[in-house]
Amino acid sequence: MASVLVIGAGVSGLTTAVCLAEAGIDVRVDTDRLPGATTSAAAGAMWDPFLVEPRDLVDRWSRQTLAELTALSTAPDTGVRLMEGTHESRVPCEMPTWGSVVAALPCPPQDLRDGYVTGWRYRAPLVDMPRYLNHLVRRLERTGGTLHHRHYDTLDEALHEAPVVVNCSGAEARFLADDPAVDAVRGQLVVVENPGIGTFFCDDTPGARELTYIYPHAEAVVLGGTAEPGTWDLRPDDDAAREIVRRCTAVEPSLAGARVIEQRVGLRPVRTGVRLTEERRDDGLLVHNYGHGGAGVTLSWGCAREVVDRVRGTVGSTP
Ligand SMILES: Cc1cc2nc3c(=O)[nH]c(=O)nc-3n(C[C@H](O)[C@H](O)[C@H](O)COP(=O)(O)OP(=O)(O)OC[C@H]3O[C@@H](n4cnc5c(N)ncnc54)[C@H](O)[C@@H]3O)c2cc1C
């Protein structure tokens, strides 16, 4: 029996399991979808503390994650790179509060895209999620952690498997943890061949109805996106895909005619606030770590380290 069972093999579960294993704690991950089939694998994914609460904790967790991802960007085969680019708005607005964390600078007017009136240029981690999740699995297995395919109907069922359970079930926590405060906000992306784009772009117009962003990876560019609250359908919608490509091409004309490689769909676990809490059930300890909305990658290391702090002391660790 493992000392700690983590439910979920998305970025929250895998990062938490890596942190536990590297702290010398015997850990097992059980998941009903393997890493490549999770919402995390579908993400874009930029470091971006996007509309998530509670603000003070999100600031801390996102800074901790920024430091970890920045360090990983210099290691081989992690899928993490530091990428320069811009956040731009079609209406005048203030720099996001986290702009100072990444030393964002205002764009001179001649650098703005057509139709945009203000913007900020900065460098931040851009993560190729399928590669990054593979890196996390390898890192987990190197420290003795294991990954198994298994579905749980209840958290009590999981507490029969280990004295400590960490619930990283993303949007499905709505059912597993019986928590109506978390809901899926469906997101769709289109991945196209990279015509030579080397900087990221994100439309940050306050109140914009559509999401428009362009995240270039080595061979491919991730184009976003959609946000559909309460929609759990994982099938790609071809009309939405065409509209994403149209919006992104209007901003970045070099995308015209780029070959579509794949479409990705994921369910952002949006909640009134991230749930990082613990509860005692009989003799067991249950720690929740879900509800990261559109920023689960951005918060992953900060949240995972906090879970370790809560678990340490409850279970023994090996040196
Ligand atoms: C289109 C899109 C773009 C995004 N872009 C970004 C971005 O640029 N930056 C960023 O920081 N974030 C981004 N996000 C948000 C980010 O992807 C999520 O916040 C993050 O993936 C949530 O990770 P998670 O591990 O909590 O959940 P998930 O990745 O959903 O993983 C949940 C895991 O729990 C398992 N599970 C659930 N229920 C059970 C059960 N009953 N039994 C067993 N296993 C179970 C699942 O199988 C899965 O392995 C984006 C999301 C989408 C959809």
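Predicted model: local features only at pLDDT ≥ 70, side-chain atom pairs only at ≥ 80, totals over all residues.
User: I'd like to start with A45. Where in the chain does A45 sit, and what joins G44 and A45?

Analyst: A45 belongs to the loop between α2 and α3 (55-72).

User: Which bond joins G224 and G225, and where is G225 found?

Analyst: That bond is a cis peptide bond too, with omega about -5°. G225 is in the loop between β11 (220-224) and β12 (228-229).

User: Now to phi. What is the phi of D77, and what is that of D282?

Analyst: The general idea again is that most residues other than glycine have a negative phi. D77 is not a glycine, yet its phi is positive, about 60°. D282, also not a glycine, has a positive phi of about 50°.

User: Where do D77 and D282 lie? And why does each count as it does, buried or exposed?

Analyst: D77 is in the loop between α3 and β3 (80-89), and D282 is in the loop between β14 (275-281) and β15 (284-290). D77 counts as exposed because it has 10 C-beta neighbours inside 10 Å. D282 counts as exposed because it has 7 such neighbours inside 10 Å.

User: How should I read D204, buried or exposed? And what is D204 in contact with?

Analyst: The cut-off for buried is 20 or more other C-beta atoms within 10 Å. D204 has 22 C-beta neighbours inside 10 Å, so D204 counts as buried. Its place is in the loop between β9 (200-203) and β10 (213-216). Leaving aside neighbours within four places in sequence, D204 contacts H87, E88 and S89.

User: Let's turn to helices. How many residues of α8 are buried, and where does α8 bend?

Analyst: The general idea first: an α-helix has 3.6 residues a turn, so residues three or four places apart point the same way. Helix α8 covers residues 296-311 and bends by about 30° at G302. It is mostly covered, since 13 of its 16 residues are buried. After α8 comes G313, with a positive phi near 100°. E306 lies in α8 and is buried, with 20 other C-beta atoms within 10 Å. E306 and R63 are 243 residues apart in sequence and 13 Å apart in space, C-alpha to C-alpha.

User: Which residues of the largest nonpolar core touch the most other members?

Analyst: In general, nonpolar side chains in soluble globular proteins tend to be buried together. The largest nonpolar core here has 86 residues, and V4, V6, L14, A17, L20 and L223 touch the most other members. The largest share of this core, 8 residues, comes from α8. Not counting residues up to four places away in sequence, V6 touches G13, T16, A17, V27, V29, V166 and C168.

User: Which residues come nearest to the ligand, and how do the residues of the shell divide?

Analyst: Among the 42 residues around the ligand, G8, G10, G170, G187 and G296 come nearest. The shell divides into 16 nonpolar, 20 polar and 6 charged residues. The elements that each supply at least two residues of this shell include α1 (11-22), β8 (182-193) and α8.

User: Last, the whole protein: how many helices and strands are there, and why is the protein described as compact?

Analyst: The protein has 8 helices and 15 strands. Its radius of gyration is 19 Å, close to the 20 Å that the globule rule gives for 319 residues, so the protein is as compact as a globular protein of that length. Of the 319 residues, 47% count as buried. Among contacts between residues at least 6 apart in sequence, 74% join residues at least 24 apart.

Key
Residues numbered from 1 in each chain as written. Bend = angle between axes of the 7 residues up to and from the residue. Helix = DSSP H or I, 4+ residues; strand = E, 2+ residues; numbered from the N terminus. Buried ≥ 20, exposed ≤ 12 C-beta atoms within 10 Å, placed from the backbone. Core = buried A, V, L, I, M, F, W, Y, C linked by C-beta atoms within 7 Å. Contact = placed C-beta atoms within 7 Å. Near = placed C-beta within 6 Å. Nonpolar A, V, L, I, M, F, W, Y, C, P; charged D, E, K, R; others polar. Rg over C-alpha atoms; globule rule 2.2 N^0.38 Å.
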